[in-house]
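Thank you all for making the time this morning. I would like to walk slowly through one structure, so please have the picture in view while I talk.

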Amino acid sequence: MAGNRDRFSTFSTATRLKQLGERTAAHVYRSQSRRQVRRSRLTGRAALLVLVLCTLVVALAYPMRQYVSQRSEIAKQQRAAAAARDRLERLRDEKARWQDDAFAEQQARKHLHFLRPGEIGYIMSAPGAQSPQPHRTGHAGSDRPWYSNVWDGVDKADRPGE
């Protein structure tokens, strides 16, 4: 060990730094050349891997798009089916209400202004509304049955010149 110390002591600090730099440079150069060798081996593999992945993406893109569009179509159809079920339930409820004679009578009285025999009906109009124009001209239809007025209308339709 003493021989080594003598050998280093004879060199100046600058010489020792130069030798240390050369050894470090050689070490770095060797490690870089190893990396380049590794890189060149992995580059072909990496290119092949990228090519395979791109092929898979391209091959699976259309089926995935179809899958997503079909799922959205299924969801849309399920919403439509749920709406149809709701509407069917409402219609069943309405049908059950119309089976009740009291409800049918109530609706006829309300919308068609039907009256029971002996009742007097009044129709109120809004204060600013115009009075309705009379529909009948000529015959006094209030004293005749409704079907007579309808038949007269059919007869008039058959004679366009009058």
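Let me start on the surface, where L48, L49, L51, V52, L53, L56, L60, M64, Y67 and V68 form a nonpolar patch with about 990 Å² of accessible area together. A patch here is made of residues with over 30% relative accessible area and no salt bridge, where like charges are joined within 9 Å and nonpolar side chains, meaning Val, Leu, Ile, Met, Phe, Trp and Tyr, within 5 Å. The areas themselves come from the Shrake-Rupley method with a 1.4 Å probe, and for residues only the protein chains shown count as cover. One of the patch members, L56, has its place in helix 2, which covers residues 13-98, and L56 is partly exposed, with a relative accessible area of 46%. For these classes, buried means under 20% relative accessible area, exposed means over 50%, and partly exposed lies in between, again with a 1.4 Å probe and protein chains only.

Before going further, a word on what we are looking at: this is a predicted model, in which local features need pLDDT of at least 70 and side-chain atom pairs count only at pLDDT 80 or more, while totals for chains, interfaces and linings use all residues. Residues are numbered from 1 along each chain as its sequence is written, and side-chain values use heavy atoms, with hydrogens and water left out.

Now the overall picture. The protein chain has four helices and zero strands, so that, by the definition used, helices are DSSP runs of H or I with at least four residues, strands are runs of E with at least two, and both are numbered from the N terminus. Read from the N terminus on, the elements run α-α-α-α. Of the 162 residues of the chain, 3% count as buried, and the chain exposes about 15400 Å², of which carbon and sulfur atoms supply 59%.

Let us turn to helix 3. Which residues are buried there? They are F103, Q107 and A108, and, seen down the axis of helix 3, its buried residues fall within an arc of 135°, so they line one face of the helix; the arc is that of the directions from the helix axis to the C-beta atoms. The face turned away from this buried side carries the exposed residues D101 and A102. Q107 is found in this helix, which spans residues 101-111, and at 15% relative accessibility Q107 counts as buried. Leaving aside its neighbours within four places in sequence, Q107 is in contact, meaning heavy atoms within 4.5 Å, with W98 and L112. Helix 3 is followed by H113, whose phi is positive, near 60°.

That brings me to the aromatic rings. A pair of aromatic rings is described by the distance of the centres and the angle of the planes. Rings of Phe, Tyr and Trp, the last by its six-membered ring, pair if their centres lie within 6.5 Å, and planes under 30 degrees apart count as stacked, over 60 as edge-to-face and the rest as tilted. A search of the whole structure finds two such pairs. W98 and F103 form an edge-to-face pair, 5.1 Å centre to centre with 80° between the planes; W98 is partly exposed at 42% relative accessibility, whereas F103 is buried at 17%. The rings of W146 and Y147 have their centres 5.9 Å apart and their planes at 80°, so this pair is edge-to-face as well. W146 is exposed at 66%, and Y147 is exposed at 51%.

Finally, the charged side chains. How many salt bridges does a search of the whole structure find? There are three, each being a side-chain nitrogen of Lys or Arg within 4 Å of a carboxyl oxygen of Asp or Glu. E105 and R116 meet in a salt bridge at 2.6 Å, N to O; E105 lies in helix 3 and R116 in the loop between helix 3 and helix 4, residues 146-158, so the pair ties together parts that are eleven residues apart in sequence. E119 and R109 meet at 3.0 Å, N to O, and this pair links distant parts of the chain, with E119 in the loop between helix 3 and helix 4 and R109 in helix 3, ten residues apart. The side chains of R144 and D152 meet at 2.1 Å, N to O, with R144 partly exposed at 27% and D152 partly exposed at 22%.
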